[in-house]
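Good morning, and thank you for coming. Please look at the sequence and the structure on the screen while I speak.

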Amino acid sequence: MNRLVLILLISLLGESWAGAGPIRISDLTEPYDLYKASELLEVKAGRISIDDLLQNPGRYRFVPTENRLIKPYDHQFGYWFRFQITNETDREVFMQFIYAGTEFIRVYETVDNRILTLHKLGSLQPEPAAPFRKSIQFCPIQARNGQTHTFYVYMEGVYTGVLPIYALSTTRLIESQHYSDLFYGIYYGFILIIIVYSLVLYIRLREQGNLRYAIWVFFIGLLMALFRGHTSEFFWPANPSIERYSAALSSITGVLHILFTLTFLRLRLQAPRFYKIGIGIVVLYLISFVLNVANVSLNYQLGRQIDIVPVVVLLEGTFSIVAGLVTLRKGFRPALFYIAGNLFFYIGIFVFLMYTYGQLPFSFWTYESIHLGVGVEILFFAVALTYKVNLLKKRRQEAEQEQIRLLVENKRLVSEQNAMLEQKVQQRTEELQVAKQRSEELLLNILPAEVVEELKQTGRSKPRRFDRVTVLFTDIVNFTSMGERLSPEELVSEIDYYYRSFDAILSQYRIEKIKTIGDAYLCAGGLPVVYPENPVEVVRAALEMRTFLLRNQHERQANGQQHFEFRIGVHTGPVVAGIVGDRKFAYDIWGDTVNTAARMEQYGEAGKVNISETTFRLVKEQIRCSYRGKIAVKNKEALDMYYAEELVEEGIPGAVKQTG
């Protein structure tokens, strides 16, 4: 019977979604944003198939995309998008994926839980198997003439937090790709001109900076092409997996940028300290290159945490701006164009990151912000190189005096840097002391004080066996059905209200809160410090919880508000306690005592404190109880159970077991 009800509920859930309003395409001159109108399901990569979704439509909980962001660069996760499209026209409509860097895309067009078409897209899709260009990720939609089709889109290897997906007509698609081809044609043509111009300057002047600049421009152009899928499309269409080494290419580009900076700003002469820092950043880039190549080769088994490229890029950006300012302050005017170029580049990165994480809407300026920033940076660097050539010609006669001035300035900078470092060391020491105090307070909020002290002294905490521990277990009655009537925010707020009240009650006793598991609350008395009165204290705390819950129930019923009802179970017996794990560790308990306490809760009633016979024998002199009889328990023999009623005066025993 229960299974039948569950199946009916799942069917109703599936039907309720199926009845949700589809995206109606009526105006072929306008694009339709499918991403914002879709629902998202985050899963372990490859864990859930399209057959699972079609056969059990109500089993998986999709959420609106506006409430969730994709975790970019995390290959452990996959993402299912679900939406419906009604094409009210008789024309063909296409689905377009704006960002070409997604590795794995499968588009399922379904009718009545039956797959109509399947399209395989993504940067790792081999070119011979792909029906369209790698830099243009789109596929046709079969629905037309008022047909409504349900679409499931699965993605892995997504490199952005927000992925625009549009439905648009053939005309709009061609127009979009026309402008895209025009922009990239001009963009790559501009890069080629800059490379040729720099090589000509190098051949004429033998200036090392021009050669390094030309090489850097080539690789930054290659990196920009890789971001849009053009490299896979034109250079290695049969081996798209090469695209996964984009982070390694970023490292190479960073190394070339630093080498160009060292030469262009003449840091070895003008700022030796910055020259050493630049060499250090080059070493970090080489380390990141090796890590990324190894991680991709091992199919990301090393995890995304080893990707240090974003941190090194941040260091590089700070280094470039500061080094440029230092050399500009020393009179090297071409540094002004160098600084401006870097600023435009990092502004472009910032705008793109804001767009990636959903803070800015999709547009030409946000989507192409990095490309535009790089283009302006390349232009400013070219102007800076030209200016530098002219400036060096004028300053040849002043070289000796300039060298003396630079030496004096360098000493002053070293002195300032030393003073600044001493100040930072002192400030950092104070911050570490504050952080240490905060961490100890946080640890005490997670673990018992005795366990924390043991960790501080020995570095680890040994598991211990406690022969008599009283375990209290609570659970919310009909939590699932009641939770469906509340929003996520309301549900969390309600549970927090009740559990904060429970925490306040426990603080009056020597009872250790163990953990919360969803809507369940677990605590125990008699550990890690052993004391014989723990059964009485735990049952007294349970009675106070019951009193609080009943009072809260009456108040809310009087105000016409919804309330939760709890079952409370208590059992006393031996447990093993200790710390599990080495990340996000927690103090936990194990043993049949915990399971029996859970059975006491499960076979109790709402608003009652159900205790075992073991606990009853230990509290009967202080707590008045009523005998329930032997209750059949799943996976156990029938157990004697009692309801704890109230405290009794000294000398008046509690309930005695009734027989017969």
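Let me begin with a definition: a residue is called buried under 20% relative accessible area, exposed over 50%, and partly exposed in between, with a 1.4 Å probe and protein chains only. This is a predicted model, in which local features need pLDDT of at least 70 and side-chain atom pairs count only at pLDDT 80 or more, while totals for chains, interfaces and linings use all residues. Residues are numbered from 1 along each chain as its sequence is written, and side-chain values use heavy atoms, with hydrogens and water left out.

Of the 660 residues of the protein chain, 47% count as buried. The chain has 19 helices and 19 strands; these are DSSP runs numbered from the N terminus, with at least four residues of H or I for a helix and at least two of E for a strand.

I turn to helix α8, residues 272-297. Its buried residues include Phe274, Tyr275, Gly278, Ile281, Val282 and Tyr285. An α-helix has 3.6 residues a turn, so residues three or four places apart point the same way. How far apart are the end C-alpha atoms of α8? They are 38 Å apart, which agrees with the 38 Å that its 26 residues should span at 1.5 Å a residue. The expected span is 1.5 Å times one less than the number of residues.

Next, the strands. Two strands pair if DSSP finds at least two bridges between them. Strand β15, residues 566-580, is mostly covered, with 11 of its 15 residues buried. Strand β12 (residues 464-476) runs antiparallel to β15 and is joined to it by 11 bridges, with Phe466 opposite Val575. Five bridges pair β15 with strand β16 (residues 586-590), again in the antiparallel sense, and here Gly578 stands opposite Asp588. With strand β17 (residues 609-612), β15 pairs in the parallel sense over three bridges; Ile568 faces Val609 there.

Elsewhere, an open sheet of four strands has the order β2-β11-β6-β9, with antiparallel pairing. Its edge strands, β2 (32-33) and β9 (137-141), each pair on one side only. Two bridges join β2 to β11 (residues 165-169), and Tyr32 stands opposite Ala167. Helix α3, residues 170-205, lies across β6, β9 and β11, at about 115° to β11. Such angles run from 0 to 180 degrees between N-to-C directions, and axes are lines fitted to C-alpha atoms, for helices over the stretch in contact. Contact means heavy atoms within 4.5 Å.

Finally, a pair of helices. Two packed helices are described by the angle between their axes and the distance between the axes. The axes of α16 (residues 488-506) and α17 (residues 534-558) come within 10 Å and cross at roughly 140°. Among the residues making this contact are Tyr497, Tyr498 and Phe502 of α16, and Met545, Phe548 and Leu549 of α17. By class, the contact has nine nonpolar, two polar and three charged residues. Here Ala, Val, Leu, Ile, Met, Phe, Trp, Tyr, Cys and Pro count as nonpolar, Asp, Glu, Lys and Arg as charged, and the others, Gly among them, as polar.

Is Phe548 buried or exposed? Phe548 is buried, because its relative accessible area is 10%. Leaving aside neighbours within four places in sequence, Phe548 is in contact with Tyr497, Tyr498, Ser501, Phe502 and Ile505. Phe548 and Tyr498 are 50 residues apart in sequence and 9.3 Å apart in space, C-alpha to C-alpha.
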